[in-house]
Amino acid sequence: MDNNPTPTQERVLSGMRPTGALHLGHYHGALKNWVRLQSEMSCYYFVADWHALTTHYESREVIAKNVYEMVIDWLAAGLDPNQCTLFLQSRIPEHAELFTLLAMGTPIGWLERVPTYKDQQDKLKDKDLSTYGFLGYPLLQAADILIYKAKWVPVGEDQASHVELTREAARRFNHLYGRETDFEARVQASLAKLGKDAAKRLEKSRKAFQEAGDAKAMEGALGFMATTPLLDNDERDRLAGWFKGTGKAVLVEPQALLTEASKLPGLDGQKMSKSYGNSIAMREDKASIEHKVRRMPTDPARIKRTDVGDPNKCPVWQFHKVYSDAPTQAWASLGCTTAGIGCLECKQPVIDAILKEQQPMLARAEPYVSNPKIVRDIIDAGTDRARATARQTMAEVRTAMGIDY
Ligand code: TRP
Ligand code: SF4
């Protein structure tokens, strides 16, 4: 799988469930990556409140409380509403419309076989997840992605199977309902945009490819189409489909942009998760951060101050690896293995580094915390932008399915 997209304006889409304050695991695992992508591609990030309902349909207040709080966490991390589009899923009913239409042709077995289906049911035993919504939610996720024709979906390994299902759903839709009806006319319009000479060259290469299998000709032509500033991404896809003779598909197959797993574990060394009670929130207050880090378990062999320890058996060391520079790491490692420092001493630079990392986040969050109206305005504007794209895709989908009567 190609995980190195070139810096074009290809579309990126991802979402998060608003089920609690975001923690440092979210920040190091996902958000830092989202922030980096916003300056490289056209990024759409949304609050997946319907997805949250699939597991929290009995505790909606959790969701209501966290929708805008989560957006503040995003802004605190450095997402910039002028660079990316931030929106709220439940305000865009087109997601539900596409979900419904995709559902018609999606075999139930596809959903039952998604590994998260059984895994989550086993894990979240206190909830009744034998619901239609829970079974269907990866298809809702497919609709979230396909409705924006996103090329890239930054997610963790645990979500890779959902992106795979999305690709299958797109392929099936394209197979069943096919291709653009006004394909030829649009191709001619794009060729005209490129000018006579370029169009002639492309026609020639296309012939060489389609009639004689000239791969070099195809490579050259696709390279040209991918980089010419005269075309937008939609036109590039269409011309590529014309070149290869496949036509232009209505829905675009996305790819997972797998996020490297966060190197930051939870306070107890397990994966950081609010439900395990081992997390530090991105905007947690200072006293609480100090308290939590001081109480972190360490190498169990260090019972007395004079006992030597092994950093590799200590979650604090994992924090040093994320937060400390080389000299501090050397100090901690030597101090641990020689009993030269105590564990509280060892933890202090970690506390300082977390507080320091938090400073710019708190500063960015402050105007939104004191004036939540701005957050709502950001989401309103982003939702308008996203909805225009979603409406456009749905018009194409309805036409392709022949339900635009
Ligand atoms: N299912 C994702 C999660 O639980 C959230 C999500 C919903 C999502 N729709 C998406 C992620 C679309 C990426 C793309 O974390
Ligand atoms: Fe962990 Fe540091 Fe204590 Fe060693 S000295 S056990 S690395 S906290």
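Asn33 belongs to helix 1, which covers residues 24-38, in a model that is predicted. Asn33 counts as buried because its relative accessible area is 14%, a value under the 20% cut-off for that class. Beyond this residue, the points below turn to ligand 1 and the residues around it.

- Through its side chain, Asn33 makes a polar contact with the side chain of Arg36, at 2.5 Å.

**Where ligand 1 sits**
- The space that ligand 1 takes up is the largest pocket.
- There are 14 residues around ligand 1, and those that come nearest are Arg17, Phe46, Gln141, Asp144 and Gln159.

**Polar contacts of ligand 1**
- An N or O atom in the side chain of Arg17 is 2.8 Å from an oxygen atom of ligand 1.
- On the nitrogen side, a polar side-chain atom of Gln159 lies 3.1 Å from a nitrogen atom of ligand 1, while for a polar side-chain atom of His51 the distance to a nitrogen atom of ligand 1 is 3.4 Å.
- Ligand 1 taken alone exposes 370 Å², and the protein buries 90% of that area.

**Make-up of the shell around ligand 1**
- At least two residues of the shell come from each of strand 1 (11-16), helix 7 (132-146) and strand 4 (152-155).
- Helix 7 contributes the most to this shell, with four residues.
- By residue class, the shell around ligand 1 is made up of seven nonpolar, five polar and two charged residues.

Key:
Residues are numbered from 1 along each chain as its sequence is written. Chains are lettered from A and ligands numbered from 1 in the order in which they are written. This is a predicted model: local features need pLDDT of at least 70, side-chain atom pairs count only at pLDDT 80 or more; totals for chains, interfaces and linings use all residues. Side-chain values use heavy atoms; hydrogens and water are left out. A residue is near a molecule or strand if one of its heavy atoms lies within 4 Å of it. A polar contact is a pair of N or O atoms within 3.5 Å; within protein, one must be able to donate a hydrogen and the other to accept it, and residues adjacent in sequence count only if both atoms are side-chain atoms. Accessible areas come from the Shrake-Rupley method with a 1.4 Å probe; for residues, only the protein chains shown count as cover. On a 1 Å grid over the protein atoms alone, a cavity is a set of points where a 1.4 Å probe fits but cannot get out, and a pocket is an open set with protein on both sides within 12 Å along at least five of seven lines; lining residues have an atom within 4 Å of a point. A molecule sits in a cavity or pocket if more than half of its atoms lie within 2 Å of its grid points. Ala, Val, Leu, Ile, Met, Phe, Trp, Tyr, Cys and Pro count as nonpolar, Asp, Glu, Lys and Arg as charged, and the others, Gly among them, as polar. Buried means under 20% relative accessible area, exposed over 50%, partly exposed in between (1.4 Å probe, protein chains only).
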